[in-house]
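Visitor: Please take a close look at one part of this structure for me. I would like the disulfide, and then its surroundings.

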Amino acid sequence: QLQPVESGGGLVQAGGSLRLSCAASGSIFSINVMGWYRQAPGKQRELVANIISGGSTNYADSVKGRFTISRDNAKNTMYLQMNSLKPEDTAVYYCLLVAGRGYWGQGTQVTVSS
C-alpha cells in the first residue's frame, strides 16, 4: 500500500549538486523513518542518511557536511540535497520508507564525472 517514487538522479560533474526526491504513493497510515541508501557496482548497499518522524537526522561519515536530508510530512516526500559531489558518490540511490515495514524504491542512478 506504500510505493516510493524517486526522481532527481542524473549526471553531474565533480563539485556539482543534485537534489533527489522520494515521494510516497498509495494509501499509508504513518511513515516513521525515511532514508537514503546507495549501492555502487561490486559493493554492498550502505546507508547515506535517514530522518525520523521527530526530525532527527543521521549521516554517513562520507557525506556529512555535503549532503542534507529533509522531509515534508504532509506530502510524505523526502529530499536529499547533495552538494560538492565527488566521483566516489557515483551509485544507485535507493529510497527507504518505514511504516510498519520497509518499502524500497526502484533506485535512481547518480553519476559524478571527474
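Guide: A disulfide is counted here when two cysteine sulfur atoms lie within 2.5 Å. The model is predicted. Its structure holds one such link. Cysteine 22 is joined to cysteine 95, with an S to S distance of 1.8 Å. The angle about the S-S bond is -75 degrees, which makes the link of cysteine 22 and cysteine 95 left-handed. Distant parts of the chain are tied together: cysteine 22 sits in strand S3 (residues 18–25), cysteine 95 in strand S9 (residues 91–99), and 73 residues separate them. Cysteine 22 and cysteine 95 are both buried.

Now the setting. The protein has eleven strands and zero helices. Its radius of gyration is 13 Å, close to the 13 Å that the globule rule gives for 114 residues, so the protein is as compact as a globular protein of that length. Buried residues make up 38% of the 114. Of the contacts with a separation of 6 or more, 53% are between residues 24 or more positions apart.

One hairpin also deserves a look. Strand S7 (residues 67–72) alternates its side chains. Phe67, Ile69 and Arg71 point to one face and are buried. S7 pairs with strand S8 (residues 77–82) in the antiparallel sense, over six bridges. Isoleucine 69 stands opposite leucine 80 in S8. Four residues lie between S7 and S8 in this hairpin. In the turn, asparagine 76 has a positive phi of about 50 degrees.

Conventions
Residues numbered from 1 in each chain as written. Predicted model: local features only at pLDDT ≥ 70, side-chain atom pairs only at ≥ 80, totals over all residues. Heavy atoms only, no water. Buried < 20%, exposed > 50% of the residue type's maximum accessible area, 1.4 Å probe, protein only. Helix = DSSP H or I, 4+ residues; strand = E, 2+ residues; numbered from the N terminus. Pairing = 2+ DSSP bridges. Rg over C-alpha atoms; globule rule 2.2 N^0.38 Å. Contact = heavy atoms within 4.5 Å.
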